[in-house]
Amino acid sequence: MKTATRVLAKDLWLPYETDRLTPREAAHLARRAGFGADWSEIQAAVDLAFFDVVDGLLTAGENAELDQQSQAMKAVIQAGNLPVQLPAWWLYRLQQTASQAREKLVIFWHGHFATSAAKVNSAFPMLAQNETIRQFALEPFEQMVIAISRDPAMLLYLDSATNRRNNPNENYARELMELFCLGIGNYTEHDVRELSRAFTGWEIVRGQFTFNQFQHDPTPKNLLGKAGIESGEEAIAWIVTRPAAARFVAQKLYRFYVSDLAPDPRLLEPLANCLRENQFAIRPVLRMIFTSRLFFSDLAYAKKIRSPVELAIGLLRCIGGSTSPTQLSSSLAELGQSLFYPPNVKGWDGGMRWINSTTMIGRINLVTEILTNAQTNFVGGRNRLDRRFDVSSAADAVQRVEMIWCAQPLEDSHRRKLIDIVERTVTRRDGKLLCAFKALATTAEFQLG
Amino acid sequence: MFVNRRRFLAGSAAAVVASTSVVPRIWGAANRRATRSAGDRVLVVIQLSGGNDGLNTVIPYGDDAYHRNRFAVRIGQREVLKIDDYLGWHPSLRGFENMQQAGNLCVVQGVGYPNPNRSHFESMDIWHSALLTPPHRTGWIGRCFDGQADQTSANLAPGLHLGDEPLPLAMTGLNIMVPSLKSIESLRVAADETVRTALDEIDETLETKDELIDFLIQARRTALAANRRLEALGGAQDVPRVYPRTELARKLALVSKLIGIDFGPRVYYVSLGSFDTHSQQANAHAALLAELAGAVAAFHGDLESSGRHDQVRTICFSEFGRRVKENGSAGTDHGTAAPLFVAGSNLAKTAGKYPSLTDLVDGDLVFNVDFRSVYATLLEQWLEIDSQPILGAKFDTLGLLS
């Protein structure tokens with residue numbers, strides 16, 4: 001870190017001093033805490049006190065109607081045991097949710113405790129895990145880790161369900177320390193073997209977690225420098241209180257919410273402390289992030305490449321639209337993010353790893369497809385979009401997209417060129433705003449959120 | 001790397017494609033160096049993701065220790081395709097057996113590295129970067145590209161990744177970005193006038209201030225360049241009948257097609273997996289090995305019939321092998337050393353020594369051949385590049401490319 005930043009490392013986490021957010025700041029907060037806000041939502045946010053906007057995001061409940069629809073769709077998927085429809089189920093929910101911040105955090109944990117329906121191959125445990133994560137998303141981490149360690153989908157995914165006393169299976173034990181709690185380098189091969197013994201006998205019987213004492217190895221384990229650990233629960237309690245655990249989770253949250261670029265470790269220490277001081281509860285640490293100076297600085301603006309889900313759901317939320325979740329699901333799979341189907345136990349790498357030649361073209365095509373598809377509906381109708389966004393010229397349209405979508409202002413020459421392209425290619429059917437979105441979607445900075 | 005001309009076929013398809021105006025300058029630049037030609041050697045990398053169980057791939061069926069440690073996943077004397085009275089191929093590997101007998105496949109035994117890491121991700125990074133300790137920023141192939149990068153023409157590297165997983169670290173360099181395609185169709189741009197106009201008219205300048213935006217600008221250029229180049233190829237590509245109907249075969253058929261038209265890349269990269277068989281290993285592993293051997297045999301057969309067999313070498317590696325003793329789930333846990341395969345013409349049948357099944361460290365095999373020696377061999381003797389700057393040290397080469 002540069003000297004100037006080092007001096008400021010602690011101060012960067014102090015509260016951002018403002019009463020009201022500017023439209024640009026409100027759009028940034030909406031994109032990162034959730035997926036995005038449309039023009040009217042941004043207008044509403046700038047009239048509220050800053051802290052109230054953040055607290056509103058972090059405490060918003062789900063709307064009852066969506067919960068009911070969601071249950072009904074789940075019942076259909078479970079009855080037919082159709083895991084391939086799981087992504088569409090979640091994508092519908094993401095388009096409609098009143099609790100964007102919670103859903104975004106559920107995606108974070110889904111990538112963190114990555115479990116794929118490709119191996120589990122059954123809809124019920126995948127949906128049950130999704131509910132477990134949603135329930136514990138903002139709660140203390142230890143509760144989440146225990147719930148996940150007993151979660152049937154996870155036990156099936158990492159072969160923990162067949163972890164037997166005489167012949168332990170190391171898969172879950174290794175990933176728990178490497179990917180879920182501590183990170184590489186913070187445990188030894190010996191710890192992997194000891195921890196796998198602590199989890200022997202954690203089985204699935206008729207789809208439910210069961211502790212089989214006859215398959216459990218009760219002899220004491222020596223784990224991460226502590227002797228005499230017996231059960232899996234004791235092991236988890238010990239692991240999540242290791243100093244590395246708070247650092248590890250803080251670093252993952254930072255990467256997910258603040259920046260794709262690795263920070264100086266010292267920048268993470270205040271976040272890790274916030275976790276430790278709050279018994280590892282997640283809500284306070286998110287509040288600390290979203291109210292910080294750092295979050296509204298160049299360390300955060302435009303420092304995230306949108307995930308495919310963030311790109312598609314963000315676009316729909318920003319223009320007040322909705323589209324066929326089934327179609328969206330297959331497009332997003334092409335771009336490398338199929339919800340419920342993470343590529344491996346490490347989840348999605350994210351950041352620059354989202355981008356390659358296929359996905360770069362695919363992202364441009366996806367935006368075009370969403371905006372021009374007959375199945376996409378817009379609040380008030382397609383032909384009222386320009387009026388809803390106060391757009392009367394190509395210049396208005398480009399500026400509006402810049403305001404609600406772009407993480408940093410466009411260069412003047414770049415903006416002029418885009419306005420020119422919109423003027424030349426706009427059609428009566430699409431209108432100026434959609435045309436501006438399509439033109440901007442071909443640029444590199446469109447991918448930054 | 002790419003200045004070594006092997007053979008020059010005048011009037012080849014490459015020359016025709018390269019001269020058409022749709023080809024962006026950056027491709028032209030590579031061609032104009034008069035170095036890339038039909039005779040240029042190609043390396044194909046097949047990654048077996050997840051940790052292939054080497055012991056059940058090239059099976060020491062003649063060793064009591066194998067039978068003592070494995071019950072549920074054991075493959076017995078009657079099933080193996082015998083190589084000699086100690087080793088045999090997994091029964092799914094008939095294609096490899098035939099290739100080896102014809103001198104078209106070499107098994108390098110017991111490949112690994114010191115202080116083996118049993119994390120998929122760390123060990124994969126070690127293989128990709130060819131560095132035993134972090135940071136793993138660039139890959140061994142990417143560094144070859146960097147050494148040859150033409151800074152003025154920027155962009156389209158002489159490598160191509162086929163697949164929907166992220167671009168492999170192995171192919172990542174500092175100066176150059178390698179295209180990564182799922183399929184040829186995946187690079188088509190929607191027929192929308194606004195989009196096409198914007199893609200044609202907007203070419204952002206690299207700011208070299210912001211890492212992410214510069215990366216995205218370069219990725220956009222790479223994608224558009226590949227898109228324009230592939231438009232010259234025409235419609236969808238059918239997979240020839242000689243290939244099995246598997247995903248790996250589909251990818252290798254496309255590689256063969258691209259080599260056949262002298263598309264350009266010197267290194268192609270594809271993946272197969274997951275080989276992470278912790279549980280109920282037998283069927284999953286048999287299916288993966290069948291897909292591997294079927295596709296590789298068809299690919300090299302195809303190259304042979306099109307007269308390009310001497311031009312291509314294929315390497316198949318995995319991030320680690322698996323533990324000697326099976327676990328309680330009829331599977332195997334992460335291990336260490338494993339065999340690696342090199343396919344092509346005129347190869348030695350085998351290199352290196354099979355690891356001892358009794359002289360173990362932490363229950364795992366001890367490697368005999370450092371994987372960086374395999375890289376050094378391919379770099380020095382196949383791509384004819386000095387391996388020392390790429391690998392950071394001098395490694396012995398192996399006598400596998402006879």
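The model is predicted. Its scores are ipTM 0.93 and pTM 0.82. In the interface, 46 residues of chain B are in contact with 48 residues of chain A. The largest nonpolar core has 257 residues.

**Confidence**

- The average pLDDT of chain B is 85, and 86% of the residues score at least 70.
- Residues 1-39 of chain B stay under 50 in pLDDT. For this stretch the model has 67 contacts beyond four places in sequence.
- Residues 151-155 of chain B also have a pLDDT below 50. Beyond near neighbours in sequence, that stretch has twelve contacts in the model.
- Where pLDDT is low, the predicted coordinates should not be read in detail.

**Chain B overall**

- Chain B has twelve helices and twelve strands.
- Of its 402 residues, 53% are buried.

**The A-B interface**

- On the chain B side, 46 residues are in contact with chain A; on the chain A side, the number is 48.
- Four elements of chain B each supply at least two residues to the side that touches chain A: α5 (120-129), β7 (180-181), α7 (193-201) and α8 (211-231).
- α8(B) gives the most to that side, with twelve residues.
- By class, the side of chain B that touches chain A has 20 nonpolar, 13 polar and 13 charged residues.

**The nonpolar core**

- The residues with the most contacts inside the 257-residue core are Cys181(A), Leu271(A), Ala312(A), Val422(A), Ala436(A) and Val108(B).
- Helix α10 of chain B, residues 281-305, gives the most to this core, with ten residues.
- Beyond four places in sequence, Val108(B) is in contact with Pro339(B), Leu340(B), Val342(B), Ala351(B) and Gly352(B), among others. Its contacts also include Val369(B), Val374(B), Leu398(B) and Leu400(B).

**Strand β9 of chain B**

- β9(B) runs over residues 312-318, and seven of its seven residues are buried.
- Both faces are covered. Val312(B), Thr314(B), Cys316(B) and Ser318(B) are on one side; Arg313(B), Ile315(B) and Phe317(B) are on the other.
- β1(B), residues 42-48, runs parallel to β9(B), and seven bridges join the two strands. Within this pairing, Ile46(B) has Cys316(B) as its bridge partner.
- β10(B), residues 338-343, runs antiparallel to β9(B), with three bridges between them. Here Ile315(B) stands opposite Val342(B).
- Val342(B) is also one of the contacts of Val108(B).

**Helix α14 of chain A**

- α14(A) covers residues 232-240. Its buried residues are Gly232(A), Ala235(A), Ile236(A), Ile239(A) and Val240(A).
- They lie on the same side of α14(A), because they cover an arc of only 120° around the axis.

**A buried loop proline in chain A**

- Pro83(A) lies in the loop between α5 (64-80) and α6 (86-96) of chain A.
- Pro83(A) counts as buried because it has 22 C-beta neighbours inside 10 Å, and the cut-off for burial is 20 or more.
- Beyond four places in sequence, Pro83(A) is in contact with Ala117(A), Asn121(A), Ser122(A), Ala123(A) and Met126(A).
- The C-alpha atoms of Pro83(A) and Ser330(A) are separated by 13 Å, although the two residues are 247 apart along the chain.

- Most residues other than glycine have a negative phi, and most peptide bonds are trans.
- Pro134(B) and Pro135(B) are joined by a cis peptide bond, with omega about 0°. Pro135(B) sits in the loop between α5 and α6 (140-148) of chain B.
- Arg206(A) has a positive phi of about 45° and is not a glycine. It is found in the loop between β1 (202-205) and β2 (208-211) of chain A.
- Arg206(A) counts as exposed because it has 6 C-beta neighbours inside 10 Å, and the cut-off for exposure is 12 or fewer.
- Asp390(A) has a positive phi too, near 55°. Its place is in the loop between α21 (385-388) and α22 (394-404) of chain A.
- Asp390(A) is exposed, with 11 other C-beta atoms within 10 Å.

Definitions and conventions: Residues are numbered from 1 along each chain as its sequence is written. Chains are lettered from A and ligands numbered from 1 in the order in which they are written. This is a predicted model: local features need pLDDT of at least 70, side-chain atom pairs count only at pLDDT 80 or more; totals for chains, interfaces and linings use all residues. Two residues are in contact if their C-beta atoms, placed from the backbone, lie within 7 Å. Ala, Val, Leu, Ile, Met, Phe, Trp, Tyr, Cys and Pro count as nonpolar, Asp, Glu, Lys and Arg as charged, and the others, Gly among them, as polar. Two strands pair if DSSP finds at least two bridges between them. A nonpolar core is a set of buried Ala, Val, Leu, Ile, Met, Phe, Trp, Tyr and Cys residues joined through C-beta atoms within 7 Å. The arc is that of the directions from the helix axis to the C-beta atoms. pLDDT is the predictor's confidence in each residue, from 0 to 100.
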